[in-house]
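Okay, thanks for coming, everyone. I'd like to walk you through one model today, so let me put it up on the screen.

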Amino acid sequence: MGDTTGPSASKPSYPPGMVLGPDGKPCKPCTAFRNWTKSKSPTGSKTGGGQGSTAAMMAAFASGTGIKSVPEPDAPPAHCPPDVEQLGRATWTFLHTTAAYYPERPTPNQRANMLNLLHSLPTLYPCSHCASHLGENLKDHPPDVSGRVPLSRWLCERHNDVNERLGKERFDCAKTDERWKDGPSDGSCD
Ligand SMILES: Cc1cc2nc3c(=O)[nH]c(=O)nc-3n(C[C@H](O)[C@H](O)[C@H](O)COP(=O)(O)OP(=O)(O)OC[C@H]3O[C@@H](n4cnc5c(N)ncnc54)[C@H](O)[C@@H]3O)c2cc1C
């Protein structure tokens, strides 16, 4: 990715917004796609790249056709590696859904497996700065794996800690089942 010609040949240059990983190399799952892509939108502003921009425009044209899911305009095109946001959304989807279907009365084995899953994230999650924040957070807030409801609540609070750190709105944890298991009462997800 870096410039390999000219006087700075030995020092690769990365896009200014690219976050480097612990190895000093560009870390795509640590960085938002808009901060590393070289693609420009038709208006000249930076966007989620050629195919992503087209998809976003097509989605805009498709609005009103009943199609509800539209691609994120800033997301990497489908054939590209995930950025920090895509990876985050996918991971939260997996974790919240897994918590929503966790047993009300888990066996010791199920509790141990859930603890292993959650405690593995600070070492395995590929966004290194996210992983290290999570590791610190888990020290202050050990997972409650005693049942489906307390686990979903605990996870909602950890997600809210991240939301707060990123300057996003907190989610109403009373709505966790509605969001991740039952869908809204208006039946729009049935
Ligand atoms: C463990 C972890 C740590 C992360 N740390 C960082 C970080 O340090 N820096 C960074 O830039 N990104 C981080 N991310 C990614 C970040 O949390 C978001 O996933 C990303 O910014 C995309 O955000 P989003 O607004 O699309 O929705 P997301 O935050 O991904 O949420 C997806 C959906 O979950 C629902 N939701 C939101 N909050 C809650 C909640 N509290 N409980 C239940 N459901 C909820 C909403 O419907 C939302 O649309 C992390 C992700 C994970 C999994």
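Quick housekeeping before that. This is a predicted model, where local features need pLDDT of at least 70 and side-chain atom pairs count only at pLDDT 80 or more, while totals for chains, interfaces and linings use all residues. Residues are numbered from 1 along each chain as its sequence is written, and side-chain values use heavy atoms, with hydrogens and water left out.

So, the fold. The secondary structure comes to 6 helices and 0 strands, and along the sequence that reads α-α-α-α-α-α. Helices here are DSSP runs of H or I with at least four residues, strands are E runs of at least two, and both are numbered from the N terminus. The protein has 190 residues, and 32% of them count as buried. Buried means under 20% relative accessible area, exposed means over 50%, and partly exposed is in between, with a 1.4 Å probe and protein chains only.

Now the ligand. Where does the ligand sit? The space it takes is the largest pocket. A pocket, on a 1 Å grid over the protein atoms alone, is an open set of points with protein on both sides within 12 Å along at least five of seven lines. A molecule sits in one if more than half of its atoms lie within 2 Å of its grid points.

Which elements give two or more residues to the shell around the ligand? They are α2 (84–100), α4 (128–140), α5 (148–165) and α6 (176–182). Helix α2 gives the most, with 7 residues. There are 23 residues around the ligand, and R89, H159, R165, K168 and R179 come nearest; near means a heavy atom within 4 Å. By type, the shell divides into 10 nonpolar, 8 polar and 5 charged residues.

K168 has a side-chain N or O atom 2.7 Å from an oxygen atom of the ligand. For H159 the corresponding distance to a ligand oxygen is 2.8 Å, and for a polar side-chain atom of W92 it's 2.9 Å. On its own the ligand has 950 Å² of accessible area, and the protein covers 84% of that; the areas come from the Shrake-Rupley method with a 1.4 Å probe.

Okay, some single residues. N160 lies in helix α5. Is N160 buried or exposed? N160 is buried, because its relative accessible area is 2%. Its side chain reaches the backbone nitrogen of F171 at 2.7 Å.

Over in helix α4 we have K139. K139 counts as exposed, since its relative accessibility is 61%. Its side chain makes a polar contact with the side chain of E136 at 3.1 Å. A polar contact is a pair of N or O atoms within 3.5 Å; within protein, one must be able to donate a hydrogen and the other to accept it, and residues adjacent in sequence count only if both atoms are side-chain atoms.

Last one: T97, in helix α2. T97 is partly exposed, at 28% relative accessible area. T97 and S152 are 55 residues apart in sequence, and their C-alphas are 8.9 Å apart in space.

That's my tour, thanks.

Conventions: On a 1 Å grid over the protein atoms alone, a cavity is a set of points where a 1.4 Å probe fits but cannot get out, and a pocket is an open set with protein on both sides within 12 Å along at least five of seven lines; lining residues have an atom within 4 Å of a point. Ala, Val, Leu, Ile, Met, Phe, Trp, Tyr, Cys and Pro count as nonpolar, Asp, Glu, Lys and Arg as charged, and the others, Gly among them, as polar.
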